[in-house]
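Subject: Handing over a structure, with notes

Dear colleague,

I am passing this structure on to you, together with some notes on what was found in it. Please have a look at it before you read on.

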Amino acid sequence: MPDFEETKKLLDDSTMYYLISVGMDSNYSYVNKRYQKIFHNVHGDLVGQHYSVTMHPDDTKICESVSEKAFGNPDQVFPAVIRKHDGQGGYITTKWEYKAIFDDNNVPTGMFCIGHDITELILNSSELKDTKESLTKTQDNLAQIYYIQSHVVRKPLANIMGLSILLETMENITPELKEVILMINNSANELDEVIRNIAAMQ
């Protein structure tokens, strides 16, 4: 990440990225046009206000932790995901990179951060997760159906087929009874074929 003044020139008019800086007093010292536009209706002019005014109260701890890392490692940037008030009682989700600012004497003067809105990405990820869970549940149900078809249903069917064969071998069977046995045997074979075909589709 380049230094803050260079970054300001690049992103002051950005239509995609947020750029902010916060002084050692924890107040905004600069916000780019996109950040001001998005949050002005909720918080008014942000410069001079405490950085936490825009965010979910629970996420201030994240800012403090990431900022501490950034001041301790001046040459590195550190990521953070922060929820911001949307002005309608909810929150948008934003992702940031933090970098500490130091003066020529290596004294810390603040923090600057580049961020962007990832709310839609989070929603899509959540929908994808729900879809995956739904598919997993469907696969589990199909597996259960397959088990029922392969074992629970076919076991009594196999018994019926065995009984019909046993009946055919009996002596003194009337022609009418032979016809009934043949019908039972044919029906059992047809049902067995249907179950096999369904199982092959799983």
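Throughout these notes, a contact means that heavy atoms come within 4.5 Å of each other. With that in mind, Ser67 touches Tyr98 and Met111, when residues up to four places away in sequence are left out of the count.

Before going further, please note that this is a predicted model, in which local features need pLDDT of at least 70 and side-chain atom pairs count only at pLDDT 80 or more, whereas totals for chains, interfaces and linings use all residues. Residues are numbered from 1 along each chain as its sequence is written, and side-chain values use heavy atoms, with hydrogens and water left out.

The overall make-up

The protein has 5 helices and 5 strands, where helices (H or I, at least four residues) and strands (E, at least two) are DSSP runs, numbered from the N terminus. Read from the N terminus on, these elements follow the order α-β-β-α-α-β-β-β-α-α. Of the 202 residues in the protein, 30% are buried; here buried means under 20% relative accessible area, exposed means over 50%, and partly exposed lies in between (1.4 Å probe, protein chains only). Among the contacts between residues at least 6 apart in sequence, 44% join residues at least 24 apart. The protein exposes about 13400 Å², and carbon and sulfur atoms supply 56% of that area, which was computed by the Shrake-Rupley method with a 1.4 Å probe; for residues, only the protein chains shown count as cover.

The sheet and the helices across it

The 5 strands form an open sheet in the order 2-1-5-4-3, with antiparallel pairing, where two strands pair if DSSP finds at least two bridges between them. Strand 2 (28–31) and strand 3 (78–85) stand at the edges and have a single partner strand each, so one side of each is left without a neighbour in the sheet. Neighbouring strands of this sheet are turned by 30° against each other on average, direction ignored. Strand 1 (residues 18–23) pairs with strand 2 in the antiparallel sense over 3 bridges, and Ser21 stands opposite Tyr30 in strand 2.

Helix 1 (residues 4–11) lies across strand 1, strand 2, strand 4 (91–102) and strand 5 (108–117), and runs at about 145° to strand 1; for such angles, axes are lines fitted to C-alpha atoms, for helices over the stretch in contact, and the angles run from 0 to 180 degrees between N-to-C directions. Helix 3 lies across strand 3, strand 4 and strand 5, at about 150° to strand 3. Ser67 belongs to this helix, which spans residues 60–72, and Ser67 counts as buried because its relative accessible area is 17%.

Salt bridges

Side chains of opposite charge can pair when their charged atoms come close. The structure holds 4 salt bridges, a salt bridge being a side-chain nitrogen of Lys or Arg within 4 Å of a carboxyl oxygen of Asp or Glu.

One of them joins Lys8 and Glu5, with the closest N and O atoms 4.0 Å apart. Both residues lie in helix 1, 3 residues apart, which is about one turn of the helix. Lys8 is partly exposed at 24% relative accessibility, and Glu5 is partly exposed at 48%.

Another brings the side chains of Lys33 and Asp13 together (3.0 Å, N to O). Lys33 lies in helix 2 (residues 33–43) and Asp13 in the loop between helix 1 and strand 1, so the pair ties together parts that are 20 residues apart in sequence. Lys33 is partly exposed at 48% relative accessibility, while Asp13 is exposed at 55%.

The side chains of Arg83 and Asp59 also meet in a salt bridge (2.8 Å, N to O). Arg83 lies in strand 3 and Asp59 in the loop between helix 2 and helix 3, so this pair ties together parts that are 24 residues apart in sequence. Arg83 is partly exposed, with a relative accessible area of 30%, whereas Asp59 is buried at 4%. Salt bridges that share partners also join Asp12, Asp13 and Lys33 into one network.
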